[in-house]
Amino acid sequence: MEPSRAAEPAEFLTGRRKFHLFGLTIDECIKVFFGGNAVVSVVVLALITIFLFKEGFGFFGLNQQSLRVYRQAGLEYVDIIRAQQDDHTALTRYLSDLRLRQFNYFTQQQHLAPAEANQRLAGFDEFADRFGGAVGPIRGLVSDLTETVTAIKDKFTNTENRKEERRQLLAEGRTADAAKVEITAVDFAAELKPLLATRPAYVEANAEFARQLSAVIASAPAMPIPDLQARMDRFKQLTGEYLAGFPAVEQKLKTWDYTRPVPWYQTVTSFILGRDWVTASFWQDWYGVIPLFIGSLMVSVVALFFAVPLGVGAAIYINQIATPLEQKLIKPAIEFISAFPSVVLGFFGVAVLGQALRALSQQPSLAWVPGFPFSERLNILTAGCLLALLAVPTIFTLAEDALNNVPRSFKEASFALGANRLQTIVKIIMPASLSGIISAVLLGLGRVIGETMVVLLCAGNRIAIPDFTAGLAVITQPVHTMTGIIAQEMGEVVRGSIHYRALFVVGLVLFFLSLLINYVAQRIVRRYRISIG
Amino acid sequence: MVTAATLMETRSPAPNLRPTMPAAATGQPAGTAAPAAEVLIDIDHLDFFYGASQALYDVSLRLDTRKVTAFIGPSGCGKSTLLRCLNRMNDLIDGTRVAKGSIKIRGVDINRPDVDVIELRKRVGMVFQKSNPFPKSIYENITYGLRLQGATTKARLDEVVEKSLRGAALWEEVKDRLHTSGLGLSGGQQQRLCIARAIAVEPEIILMDEPCSALDPLATAKVEELIHELKTKFTIIIVTHNMQQAARCSDKTAFFYIGRLIEYADTQQIFMNPSNPQTEAYVSGRFG
Amino acid sequence: MAALVNPHIFQTRPSAARRWERACFGLFGAATYLVLFCGAAVFLTIVAKGSRTIFKAEAPFINTTFFTDAPESLYVFEWQGKKLEMGDREHRAFIEQHPDAAKVKTESYIYAAGGIFPCIVGTVLLVVGSMTIALVLGVCAAVYLNEYARDGAFIRFVRLAILNLAGVPSIVFGLFGFGMFVIFFGWNVSLLSGWFTLAFMVLPVIITASEESLKAVPKGFREGSLALGATKWQTIRKNVLPYALPGILTSSILGIARVAGETAPIMFTAAYVVRDKLPWQVEKFSDFFFQGVMALPYHIYVVSSKIPQNEYTERVQYGTALVFLLIVAVIATASILLRNNLRNRYKW
Ligand SMILES: Nc1ncnc2c1ncn2[C@@H]1O[C@H](COP(=O)(O)OP(=O)(O)OP(=O)(O)O)[C@@H](O)[C@H]1O
Ligand SMILES: [Mg+2]
């Protein structure tokens, strides 16, 4: 042994041999470099969240302001009357439906010529016309009032613009110019006087309207068959209910008060529970997420309806039943499907699938399927089918993993007890991997709900809550979705406007929805891992 | 077969010969190092914690140069923990700390903040319970440590590879396949490869944590033989559950029980005539 | 023969359980093959119709102009009893030669002629830039989280957050990129905005996947190396990263496929509907980063939603879709193959 060894005991105290940079050794520098990258990543990802919040939260203030103006300028007042008018329109639509049914009855069951059928319907037409015409005075009133209140609102908007102008001038330091900007505060009380003054006229018109309707209803023509008569009776009943609602409307108008404050929570509820998404309207913009949310949900439900059985079924097949050759070929093939860019699938929907499904629905032999035939090429069903194709690989891969993780011993034990393969799968493997499969389905849902291009191209983009009274046929209606609306409208909005912020709030909803889905999926998986160990 | 002793003789200018410190700086004159039984490692009233749970209680132990010391004791008694304290591998585990006491190697407290752990580990090599060759070739496995220290000339590397492999009694078996993967060897060969890898950097101390636990009797015998040869050059600490092994290859034995050092004496004495009843119970196989 | 006459006790007998098993397995198989059929239907339709655009009957068999030209409007008109189809430039030249042609009733279809060269270029630029950013940040962050960071509550929270962010819809990242880079930073619709938006979209995926690969490297490799006196960085560089690299590579190729395939995040951060100049035709060097580009996925969106479907427009629609599908599919296939390959190779 070299004696030198014993002579250098302080070998480990090597602080001074090292190269230093800013007082750090090289190793520490490297650590700082990696740490720096981690910090940047984390900070940016945190920024995303913060930014979404920052831009989103402004919405609620602006929306409250908008709702306040809606009330102060009297738009709300007019909308009360307009609602009455709209309900009447709905009733006339019921009548036209009834007419169509009668017409069909005459031409198809009684084999009358169309002209003759129309002749038979003359009495009904006269009745329908009288019913439809009765609303005339009310409609006139509404259109007059609409002009009045729009003028008030415009005035207010102008004032606001002036204020903004002055603020900007002040910010630029041009005080003199700023002082020149005239601002006349809108005196809502005075402006609304003429509006409120029309109430007696309205009450009068309303009474006349009610009288006419009652008279018309009393002279309703009889229907040719009991089936249609039942509908007519239903119509009468509906009209009765409609008339019974008149006093309430009058009461509402009487107690309507433009000074009543808009509570703060209303700005939130009007978003979360709002049933209208109307933008760039001359009248009033509404930002209600419900139609979009329901659209997203419907599309996802349809997609999962197809994707879950297919994905899970395929996973079971590949994992438990298929031959090794099938396994080797099919697994990558299904994974390959997951590489289809969604915009290509969307294009496929527009170019091929939409038409194909419509053509299929118009096959007479398939008329029994609910919703068939349909005429809208792009609808929930088209988008749902394509999204199913996107979701299947996700669900398949994760479910297959879950099945794979079931310990072999479980399976062997079951076989050893004389169970056949199906029994083993159903009684042992499925329950053991259930949580994995559930989380696979959840992640599939996350994928589908966040998908943009397919729904943007194929869901039909009609902003309306689909008509659930149609039963299952609802899936053949077009909808708009949360992702779709952002993609469609983001490019056109003014920065910082209420519309811009509303889209951010929709983004926030999506953000939290996906976080929630992901989190729940992970929780389920973790629970399951512990239970096995 | 070339033994470690010959290996040592052939080693002229020591590669890691570092500039000699002035004797004054070391606090002890170079000449006083006793030729035999020089105290190399001095563990002094050591308390060690994993987070809140204490793993070692007041362990004091002095280990001599070029001796084989065996750590024995029932599972979970802290043998590995103490071993890993010696080259500070426990630093890798979050929340570990030496709460009290010190470990001195050549008189330097290795837990001092200014100690360079890397330097320490170069001098205190380790062989793990589960053989862990890197998924590289045998050659690269052995030269790994040297290359880290900057040795790059092929001649020098070749030389060290051969020496180390001979030292680990593996040369004959693998000399024709030096450039195939180390993972392709059998379990026993892998373990000897790990030993070769450890001695290639010429540490002073080699820590072995149950090096034979995964090996068959034949491979075990080879490793033991190897330990025997290595001890002429290195100070070896070996953890083992195999009483015969401890008896066969160690000079001194330390018996641990639930984190405490119960008895530390010459191997002969521990196995023939233990002073502590617990030790006796353990070595005679009545518990553990 | 005796066995046939005299069934032994283990003789297979038809039973209800067996019939059930057969029926259910049939259903599972049907589900599998239905999925494959649907996938194949989409793929083959696009291949069949698209290859009419990108291949042609005579040598060199590939429609090179489709790959090298910019999109143009297509003009269709009748001229001397023949139906002529011309791209924009050709049509203008034709009118100069035959001034009468200007008076003929001409139908025009925007984007239906020419090629998609600028879109390919734009997509490549977007992918390269964003993946560079994402890989550097992502891999380094993963190394830090897995190798250096002490496992505390905060790190666990960060990990969980990153994992969850991986599932956030791409459109939300697009929204963020639009608000942050396009508007707040004032970069407008530009390459730079697109790069960062896409990079941050795949960042969580890359960090998570890289960490997985780093975790898969056995602890013994690190301990063995450290016990030989390697520094932390030496250990990571020589004994951890090389073994984690295949996994990181696979995930990053998947990341590339995702970045290349996404439309939503670039719709309002980086993509132009049409742009005459190619990205390198800029006046100042810095302009390069602040220009919008055309991109394949966005081009597909534009041609499938903004122009009518007919025999003239179909060509560019299917052609673009096919080219894009092939690019993304090749990348994805590469990563699937790579992964399967590595899964077999690295087992320790
Ligand atoms: N990483 C760790 N974190 C917390 N506690 C640990 C850790 N490693 C070991 N311990 C605890 O420290 C004590 C001593 O463990 P150690 O591994 O040193 O035992 P050992 O004597 O080597 O046992 P064996 O013979 O089974 O290897 C045990 O109680 C163990 O549970
Ligand atoms: Mg141990």
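Me: How far is an oxygen atom of ligand 1 from an N or O atom in the side chain of B:Ser80?
Reply: That distance is 2.4 Å, and a polar contact here is a pair of N or O atoms within 3.5 Å. Keep in mind that this is a predicted model, where local features need pLDDT of at least 70, side-chain atom pairs count only at pLDDT 80 or more, and totals for chains, interfaces and linings use all residues. Side-chain values use heavy atoms, leaving out hydrogens and water, residues are numbered from 1 along each chain as its sequence is written, and chains are lettered from A and ligands numbered from 1 in the order in which they are written.

Me: And what about B:His241?
Reply: An N or O atom in the B:His241 side chain is 2.6 Å from an oxygen atom of ligand 1.

Me: Which residues surround ligand 1?
Reply: Among them are B:Tyr50, B:Gly78, B:Lys79 and B:Glu210; a residue counts as near if one of its heavy atoms lies within 4 Å. The shell divides into four nonpolar, six polar and two charged residues.

Me: Which helix gives the largest share of that shell?
Reply: Helix 3 (residues 79–86) of chain B, with three residues. Helices are DSSP runs (H or I) of at least four residues, numbered from the N terminus.

Me: New topic: how do helix 13 and helix 16 of chain A pack?
Reply: Helix 13 (residues 290–321) and helix 16 (residues 380–404) of chain A pack at about 35°, with axes 6 Å apart. The axes are lines fitted to C-alpha atoms over the stretch in contact, and angles run from 0 to 180 degrees between N-to-C directions.

Me: Which residue classes make up that contact?
Reply: The contact of helix 13 with helix 16 in chain A has 26 nonpolar, four polar and one charged residues.

Conventions
Helices (H or I, at least four residues) and strands (E, at least two) are DSSP runs, numbered from the N terminus. Ala, Val, Leu, Ile, Met, Phe, Trp, Tyr, Cys and Pro count as nonpolar, Asp, Glu, Lys and Arg as charged, and the others, Gly among them, as polar. A polar contact is a pair of N or O atoms within 3.5 Å; within protein, one must be able to donate a hydrogen and the other to accept it, and residues adjacent in sequence count only if both atoms are side-chain atoms.
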